[in-house]
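Keep the structure open while reading.

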Amino acid sequence: MSTSVKSKRKRASRAQKDASTMTLAMVSFFDLLGFSDRVENIETESDLRTIVGDVDSIRQRFEYRPTKRSTYEVHRILDKSVLAFSDCVITAVSLETEMVATEGLFDVLGSEIWEIAIGQSRCVLDGTFLRGGIDFGPWYYDKAKDLLVSPAMVRAYKAERDRACYPVIAISDQLYRLLRDHPGRKAYSNDIDPFRDQFSSFTHPKSGKRVRFINYLRLVAPSLDWQYDKATRDAYMALPRDSDKKSKIMMDGYGRNLVDFFERHKAVITSAHSAAQGDVKKKYQFLAKYHNRELRRFLSKRDDLRIKL
């Protein structure tokens with residue numbers, strides 16, 4: 001084989017490799033509140049290991065380096081990356097996969113937004129509050145070279161820095177418009193349109209601009225399991241397959257999980273507000289108002305679950 005042919009094949013191989021690392025993606029940047037101070041104040045190896053363990057547990061909330069085959073397959077199909085650094089987590093989902101071609105861009109983006117809401121709610125209930133930004137655009141990530149370049153990530157970071165002044169995950173205006181106006185949304189009737197529940201908003205206290213953020217409470221609450229405990233499941237399984245009582249057991253179990261969800265959410269926000277100093281308290285006052293607003297939607301009669309700071 002001639003040298004020129006070998007050279008051409010090598011160049012083609014490199015080009016193919018570059019193509020596989022470059023894609024259009026939805027990119028999210030999450031800042032872990034309070035972690036930068038913890039990292040700066042590390043004094044011992046034990047302190048460092050504790051931080052590493054905490055960051056590792058948080059990145060797993062967003063399915064970092066999955067070990068379960070089913071999760072790995074989902075990552076492969078979605079061409080999903082999840083990266084973790086000292087006090088932040090970055091996720092990217094390609095918008096140029098077979099999944100997008102098959103399921104449609106609107107549904108794939110909606111599914112990923114729901115996954116982010118799940119991850120955020122788990123972190124909050126563990127006492128870790130996130131502030132983040134999401135945008136879409138070019139994403140180049142070469143794992144072999146540890147090289148990452150992405151305009152979308154830069155914009156997501158700026159959205160977190162400039163727009164998410166509270167512990168929320170803000171979305172860019174262009175991503176909002178993409179979902180709002182996407183043809184795939186027309187497949188849903190008004191009463192089941194998923195877009196309506198994906199986001200909430202507030203007016204930025206300094207810029208006066210409207211900031212839209214992932215409405216994690218409204219997305220997560222309806223998806224809670226009905227199996228409250230073993231007794232609930234055993235009671236369900238003991239009934240005949242066609243028993244009308246099964247639906248009541250499921251509704252009762254879901255209702256108990258819903259109450260627990262809002263109880264835990266109330267507790268972590270109340271605790272964080274109590275520990276905060278000065279203007280930081282405003283962040284949790286915002287979350288308290290958000291909690292109370294969504295509580296009215298799901299448990300309007302449970303005034304005991306309202307946050308009163």
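## Helices α6 and α12

In this predicted model, the axes of α6 and helix α12 (residues 245–275) come within 9 Å and cross at roughly 60 degrees. An angle under 35 degrees would count as roughly parallel, and one of 65 to 115 as roughly perpendicular. The two helices, α6 and α12, are therefore oblique to each other.

Which residues of α6 meet α12? They are Ser121, Val124 and Leu125. On the α12 side, the partners are Phe261, Arg264, His265 and Val268. By class, this contact of α6 with α12 has 4 nonpolar, 2 polar and 1 charged.

## Helices α6 and α8

Helix α6 (residues 105–125) also packs against helix α8 (residues 173–181). Here the angle is about 125 degrees, and the axes are 10 Å apart. Roughly antiparallel would need an angle over 145. So α6 and α8 are oblique to each other. Their crossing is left-handed.

From α6, the contact draws on Leu105, Phe106, Leu109 and Ile113. From α8 come Leu175, Leu178 and Leu179. The contact of α6 with α8 has 7 nonpolar residues, no polar ones and no charged ones.

## Helices α11 and α12

Helix α12 has a further partner in helix α11 (residues 230–238). The axes of α11 and α12 come within 9 Å and cross at roughly 170 degrees. Angles over 145 count as roughly antiparallel. That label therefore applies to α11 and α12.

Thr232, Ala235 and Tyr236 are the α11 residues in this contact. They meet Lys246, Ile249, Met250, Gly253 and Arg256 of α12. The contact of α11 with α12 divides into 4 nonpolar, 2 polar and 2 charged residues.

## Aromatic pairs

How many aromatic pairs does the count give? The total is 17. One of the pairs is formed by Phe29 and Tyr157. Their rings are 5.2 Å apart, centre to centre, with 80 degrees between the planes. The pair is edge-to-face.

Phe29 belongs to strand β1 (residues 22–32), and Tyr157 to helix α7 (residues 151–162). The pair therefore ties together parts that are 128 residues apart in sequence.

## Confidence

The mean pLDDT of the protein is 88. Of its residues, 88% reach 70 or more. Over residues 1–19, however, the pLDDT is below 50. Beyond near neighbours in sequence, that stretch has 5 contacts in the model. Where pLDDT is low, predicted coordinates should not be read in detail.

Technical notes
Residues numbered from 1 in each chain as written. Predicted model: local features only at pLDDT ≥ 70, side-chain atom pairs only at ≥ 80, totals over all residues. Heavy atoms only, no water. Axes fitted to C-alpha atoms, helices over the stretch in contact; angles between N-to-C directions. Helix = DSSP H or I, 4+ residues; strand = E, 2+ residues; numbered from the N terminus. Left-handed = near helix turned anticlockwise from the far one by under 90°. Contact = heavy atoms within 4.5 Å. Nonpolar A, V, L, I, M, F, W, Y, C, P; charged D, E, K, R; others polar. pLDDT = per-residue confidence, 0-100. Phe/Tyr/Trp six-rings, centres within 6.5 Å; stacked < 30°, edge-to-face > 60°.
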